[in-house]
Amino acid sequence: MSTTVNGPSNNGARPQSWSQSWTHFSVDRRSLGYCRITFDHPPINTITATTVAELAELVGLIEQDSDLNVVVFDSANPDFYLAHYDIENDPGATAALGIGPTGLSAWNDVLIRLARAPIVSIAAIRGRARGAGSEFVLACDLRFASHEHTLLGQWEVGIGIVPAGGPMARLSRLVGRGRALEILLVADDLDGPRAERYGYVNRAVADDRLDGEVEAIAVRLARFDHEAIARTKSYVDLTTLPSNSELTPPVNDFRELFGRPAQQAQWTRLQQLGLNTDSDLERSLGQRLVDSLPDQYP
Amino acid sequence: MSTTVNGPSNNGARPQSWSQSWTHFSVDRRSLGYCRITFDHPPINTITATTVAELAELVGLIEQDSDLNVVVFDSANPDFYLAHYDIENDPGATAALGIGPTGLSAWNDVLIRLARAPIVSIAAIRGRARGAGSEFVLACDLRFASHEHTLLGQWEVGIGIVPAGGPMARLSRLVGRGRALEILLVADDLDGPRAERYGYVNRAVADDRLDGEVEAIAVRLARFDHEAIARTKSYVDLTTLPSNSELTPPVNDFRELFGRPAQQAQWTRLQQLGLNTDSDLERSLGQRLVDSLPDQYP
Amino acid sequence: MSTTVNGPSNNGARPQSWSQSWTHFSVDRRSLGYCRITFDHPPINTITATTVAELAELVGLIEQDSDLNVVVFDSANPDFYLAHYDIENDPGATAALGIGPTGLSAWNDVLIRLARAPIVSIAAIRGRARGAGSEFVLACDLRFASHEHTLLGQWEVGIGIVPAGGPMARLSRLVGRGRALEILLVADDLDGPRAERYGYVNRAVADDRLDGEVEAIAVRLARFDHEAIARTKSYVDLTTLPSNSELTPPVNDFRELFGRPAQQAQWTRLQQLGLNTDSDLERSLGQRLVDSLPDQYP
């Protein structure tokens, strides 16, 4: 079962594009058919406007590369896969990302295009993926998670806002109403085994076998016929993907609710507690977000 | 993680409504944000016209209380959560309940309005919930079941009728076609672990941890922002709830099939075997309903 | 809990039809309400044009028999349930099957009509079911699989084609997008426990209990009221079945992709490796199909 492994200097029609400098992840085009993206944005792999801009460019390359069959997304940090979104105290930077080719704002645009791309995207999850990090893995086609070292969640409702990157649409279809409502409203972390039982991930795999299993699947997919993959996936898309219009309204709710004084005050408390740093807060965010709530509500 | 716990005399804007006398359940408004309803209708928590009328009133209070975030429904009887519907040999009492605000007859009206209410409803299930009892938990947002002491099922097809409170619509979306057809057509009981594997409940929790886990979730939700909960849930509703029109036709099938002489005769045999009492029949209804079948069919 | 067990000579209104000679399966009408079909087409239960023609006739009998409540499909070969489709080097034989009553070509017509038939169809799976064999069990209402001796899969993408018998539509609704994409695109075998975890089957049952459990369910269903089964199932159909029009386009993709020289060459290699015989290739087809891939793709 041999494969052709090419370095970045030998990666098909557009080597100059794929081998450019990326700042929040590295790109390893392992063969014509197989590319691996490794998130690497210390200290905890937050997603910022820069990450979104780079992912938008990457997805553009993926969409147009008919040699490519499979893209694996993993993390250089075993404790954090993608922490969550960080606005870097500059909402303007996110707003400046503008509208993507789908007509939606940048983050949703990236996720929609990744989900519809004619390749197989695989999230190999080790560490924490919350908020936008969870939204990203939900937009991937397959999700494999470390049995021992995974925490997944949508924490937004716990900080008084509505998730804006599609998890109501995607989780509802993936795990059913009851479990989607629990994940979204209780807003706590799920570990690997529970994520598997709920259907949030395809499988929880023993940590020491995760990389090997994902590699075997990717190498296998890289050898398959591109057209068979693309067309078969497109029929699953028809049945399972939300319409673009379903994804738009929550963005307005997010903006409106986040702008309220109480939520701004809670955000300030989260920053004081260690948000966006490799802190105990970030390691146990599902549980510890309650420490940022007003003492007595309302 | 402190919370404000208020007695019934201190429960927000409408204490006089919440603290009225209820006959088939008790109401404990534990805090502004959190209310607990405990079914208590001896001997086996059957649902009657009275239960439906009281639940309709309760749901009306829930819909209008913007302080409230979470309602937990549990049972005072560890063996029976909600046995099933009991027409009390008086179909007129149920018919007299009339049409609710949704335009549907009372039972479906209550379930639809509960599912759409801007709060989180949690069924903490210990004991048996069959027929309308199962329909009730399916209309709740989250379902947690005792691992050791749960039996769930839709027994209607086993007595020759069509379920009338929406389980074809709700189970199909929750557990998928194959498992929904098994639950509905084989019409047998599922225990806690199987209910979890099928996705019928969010989770089966060890009996001695069930109350504590549900309490922790409810206390957490009570502190969250009401608007974030309500809006996020409303987007899940859009994707996961059946239309009202999908729920209407089976009610006519139920009436037509139940009115047949063979089904009336089977109902009489069930009553002779101990239906609506704390009998061996009721404890093992999924298995023992076959004892009410004609000796040889047809 | 007695049942009436009738031999084939005493099987209701149309014994002459049911007891005709079948070549790829045997028919055992165990009672008025219960019929068992046992696939028996040595050496590995491939599906051919003859199988489809006989299944079409059988489904016609099922649709019109108002005494019948349940049909169990099992296999005489413990290693192979239904291997996959075998065109027998004669595509014309399949084409000559023509269009069925639904307006779709024969294989999809059989599957659609079986799924909509007013009875409960049960796949009792022991051995391998891939490609069209998997498509058949997906069209059954309930699926029970041997815990130890089951391999299920859609191998088509691995040989460069698009599955043509509806698994994109049916798996997407049954197991959700992520797991459907894995099954369809990775195109590997799933064993019984994984098939249960994914929801591909209702349950994996210990091999020595499988026959007994299915028998108990069938005997139970045979005694239930036909009308209650048929109407309740029809409401689940409304929510869970794909439209006929969703099933048509992939058939064209299948034909187009299979006609390409590279896929014809791969098919020839598969035949050289032992396709359609009781070979090591067929026993481990999910893994070994890669041996038929071009050495280096593309």
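The following exercises, each with a worked solution, concern a predicted model.

**Exercise 1. The relation between the copies**

Task: Determine which rotation and which shift superpose chain C on chain A, and what kind of axis relates them.

Solution. 
Step 1. Two copies of a chain are related by a rotation about an axis and a shift along it.
Step 2. Chain C is brought onto chain A by a rotation of 120° with 0.0 Å of shift along the axis, and the RMSD is 0.0 Å.
Step 3. This is therefore the relation of a three-fold axis.
Step 4. Within chain C, Arg197(C) has the C-alpha nearest the axis, at 4.3 Å.
Step 5. For chain B, the superposition on chain A likewise takes a rotation of 120° with 0.0 Å of shift, with RMSD 0.0 Å. Of the residues of chain B, Arg197(B) comes closest to the rotation axis, its C-alpha being at 4.3 Å.

**Exercise 2. The side of chain B that touches chain A**

Task: Describe the side of chain B that touches chain A: how many residues are in contact, which element gives the largest share, and how do the residues divide into nonpolar, polar and charged?

Solution. 
Step 1. On chain B, 27 residues are in contact with 27 residues of chain A.
Step 2. Two or more residues each come from strand 6 (142–153), helix 6 (167–175), helix 9 (207–223) and helix 10 (226–240) of chain B.
Step 3. Helix 10 of chain B provides the largest share, ten residues.
Step 4. By type, this side of chain B has eleven nonpolar, seven polar and nine charged residues.
Step 5. The copies meet through different surfaces, because only 4% of the interface residues of chain B are also interface residues in chain A.

**Exercise 3. The side of chain C that touches chain A**

Task: State which helix of chain C gives the most residues to the side that touches chain A, and how the residues of that side divide by type.

Solution. 
Step 1. The contact joins 27 residues of chain C to 27 residues of chain A.
Step 2. At least two residues each are supplied by helix 6 (167–175), helix 7 (177–186) and helix 12 (249–258) of chain C.
Step 3. Helix 7 of chain C gives the most, with nine residues.
Step 4. The residues of this side divide into 16 nonpolar, six polar and five charged.
Step 5. Helix 6 of chain C may also be examined for burial. Nine of its nine residues are buried, so helix 6 of chain C is largely enclosed by the rest of the structure. Among the buried residues are Arg170(C) and Arg173(C). After helix 6 of chain C comes Gly176(C), which has a positive phi, near 90°.

**Exercise 4. Two packed helices**

Task: Decide how helix 4 and helix 5 of chain B are oriented relative to each other.

Solution. 
Step 1. Two packed helices are described by the angle between their axes and the distance between the axes.
Step 2. Helix 4 (residues 106–116) and helix 5 (residues 132–139) of chain B pack at an angle of about 25°, and their axes are 8 Å apart.
Step 3. Angles under 35 degrees count as roughly parallel. Helix 4 and helix 5 of chain B are therefore roughly parallel to each other.
Step 4. Helix 4 of chain B contributes Trp107(B), Leu111(B), Leu114(B) and Ala115(B) to the contact, while helix 5 of chain B contributes Ala132(B), Glu135(B), Phe136(B) and Ala139(B).
Step 5. Seven of these contact residues are nonpolar, none is polar and one is charged.

**Exercise 5. The nonpolar core**

Task: Identify which residues touch the most other members of the largest nonpolar core.

Solution. 
Step 1. In soluble globular proteins, nonpolar side chains tend to be buried together.
Step 2. The largest nonpolar core holds 279 residues, and those touching the most other members are Ile122(A), Ile122(B) and Ile122(C).
Step 3. Beyond four places in sequence, the contacts of Ile122(A) include Val70(A), Phe73(A), Leu142(A) and Ile217(A). Asp141(A) is also one of the residues in contact with Ile122(A).

Notes
Residues numbered from 1 in each chain as written. Chains lettered and ligands numbered in written order. Predicted model: local features only at pLDDT ≥ 70, side-chain atom pairs only at ≥ 80, totals over all residues. Least-squares fit on C-alpha atoms with pLDDT ≥ 70 in both. Axes fitted to C-alpha atoms, helices over the stretch in contact; angles between N-to-C directions. Helix = DSSP H or I, 4+ residues; strand = E, 2+ residues; numbered from the N terminus. Parallel < 35°, antiparallel > 145°, perpendicular 65-115°, else oblique. Contact = placed C-beta atoms within 7 Å. Nonpolar A, V, L, I, M, F, W, Y, C, P; charged D, E, K, R; others polar. Core = buried A, V, L, I, M, F, W, Y, C linked by C-beta atoms within 7 Å. Buried ≥ 20, exposed ≤ 12 C-beta atoms within 10 Å, placed from the backbone.
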